[in-house]
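This report covers selected local features of one protein chain. The sequence and the model are shown first.

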Amino acid sequence: MRLARFSVGNGPIQLGVVDGDAVTSLTHRVPQISDMIDLIANWPTYAPLVEAVRGENDCRLEQCRLHAPIERPGKICGIGMNYATHIDEARMAPPAHQIWFAKPATAVAGPFDPIERPMVSEEIDYEAELVMIIGQRCRHVSREAAAGVVFGYCVGNDVSVRDWQRMGGQHTIGKSFDTHAPFGPWIVLATDIDPHELDIKSHVNGQLRQNSNTRNMIFDCWAQIEHLSKAMTLEPGDVIYTGTPGGVGAAMKPPSFLREGDTVKVEIQSIGAIENIVVNERPTGEE
């Protein structure tokens, strides 16, 4: 099952189920669901109601604008250096422990929305990533129990501002710019796919840049949840970026950073694709 946030024309944002090329509005048909986090947190209650209206097909997918599946996640966490090919191209030693950073909710962007090239840097880069969506409040989750706390999966692009990422010896600020966490195009339920057997690719202006499989993660999804939940309570709707394979622009010779008008497409097997065009950031107040 694919769950999305969408709008039609100038209409309001709705929740929906995507089946093939059609969308059923949960906002209209199951109005007691307040938002996507409510749907995730109370899935055992809502699931039968959602199943009962599937196939009503209120609009065609091509008529819809798809929005980020979760508007303001409570947490966005990302793991660094989680594929050997990315470690090699960065000329770094394999990490002995998981390396984590945070992205703020203001970084969220829709799956087909523009991403900004900031005024303060010329080193904006792409990172194709599988995204996990947490399904329940949990702490100290064992590896064996980790699969049970994941609600679903999305396609993500951990957009990175490389010079700011290098400042101060930590990653967070370079990962935190507005619009630099596009994900979607919907949430595929965790029961529908194996997150460790998915082809993952990125293209820039149609050119293949990254091409790997999630089986190549150094720390797999379950190890990530086990580790994170030792430090913090994970909650419904939290977003976890699971790492990127080799092929990023910063590692090319010479480096190939994104410019205005570039289009980045990230696709993951069994989930779908997101595609974002790069626009120059405008000073506040400019239209």
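Thr179 is buried, with a relative accessible area of 15%. In this predicted model, Thr179 is placed in the loop between H5 and S14. Its phi is positive, about 75 degrees, although Thr179 is not a glycine.

Met81 is also a non-glycine residue with a positive phi, in this case about 50 degrees. Met81 belongs to the loop between strand S6 (76–80) and helix H4 (84–89). With a relative accessibility of 12%, Met81 counts as buried, because the limit for that class is under 20%. As background, most residues other than glycine have a negative phi, and most peptide bonds are trans.

## Cis peptide bonds

The peptide bond from Gly184 to Pro185 is cis, and its omega is near -5 degrees. Pro185 is part of strand S14.

The bond leading from Lys253 to Pro254 is cis as well, with omega near -5 degrees. Pro254 sits in the loop between strand S17 (239–241) and strand S18 (263–268).

## Aromatic pairs

The structure holds two aromatic pairs. In one, the ring centres of Trp43 and Phe151 are 5.5 Å apart and the planes stand at 85 degrees, so the pair is edge-to-face. This pair links distant parts of the chain, 108 residues apart: Trp43 is in helix H3 (residues 43–53) and Phe151 in strand S12 (residues 150–157). Trp43 is buried at a relative accessible area of 17%, and Phe151 counts as buried at 7% relative accessibility.

The rings of Trp164 and Phe177 have centres 5.4 Å apart and planes at 90 degrees, so this pair is edge-to-face too. Trp164 lies in helix H5 (residues 162–166), whereas Phe177 lies in the loop between H5 and strand S14 (181–189), so the pair ties together parts 13 residues apart in sequence. Trp164 is partly exposed, with a relative accessible area of 22%; Phe177 is buried, at 16%.

Another ring, that of Trp186, has the charged end of Arg2 over it, 4.4 Å from the ring centre.

## Helix H3

Which residues of H3 are buried? They are Trp43, Tyr46, Ala47, Val50 and Val53. Viewed down the axis of H3, the buried residues fall within an arc of 135 degrees, so they line one face of the helix. In general, an α-helix has 3.6 residues a turn, so residues three or four places apart point the same way.

Pro44, Thr45, Pro48 and Ala52 are exposed on the other side of H3. After H3 comes Gly55, with a positive phi near 90 degrees.

## Surroundings of Gln14

Gln14 is found in strand S2 (residues 14–19) and counts as buried at 10% relative accessibility. Apart from neighbours within four places in sequence, Gln14 is in contact with Ala4, Arg5, Phe6, Ser25, Thr27 and His28. One of these, Ser25, has its side chain joined to that of Gln14 by a polar contact of 2.6 Å.

Between Gln14 and Pro255 there are 241 residues of separation in sequence and 41 Å in space, C-alpha to C-alpha.

How values were computed. Residues numbered from 1 in each chain as written. Predicted model: local features only at pLDDT ≥ 70, side-chain atom pairs only at ≥ 80, totals over all residues. Heavy atoms only, no water. Helix = DSSP H or I, 4+ residues; strand = E, 2+ residues; numbered from the N terminus. Buried < 20%, exposed > 50% of the residue type's maximum accessible area, 1.4 Å probe, protein only. Contact = heavy atoms within 4.5 Å. Polar contact = N/O pair within 3.5 Å; in protein donor to acceptor, adjacent residues only side chain to side chain. Phe/Tyr/Trp six-rings, centres within 6.5 Å; stacked < 30°, edge-to-face > 60°. Lys NZ or Arg CZ within 6 Å of the ring centre and 35° of its normal. Arc of directions from axis to C-beta.
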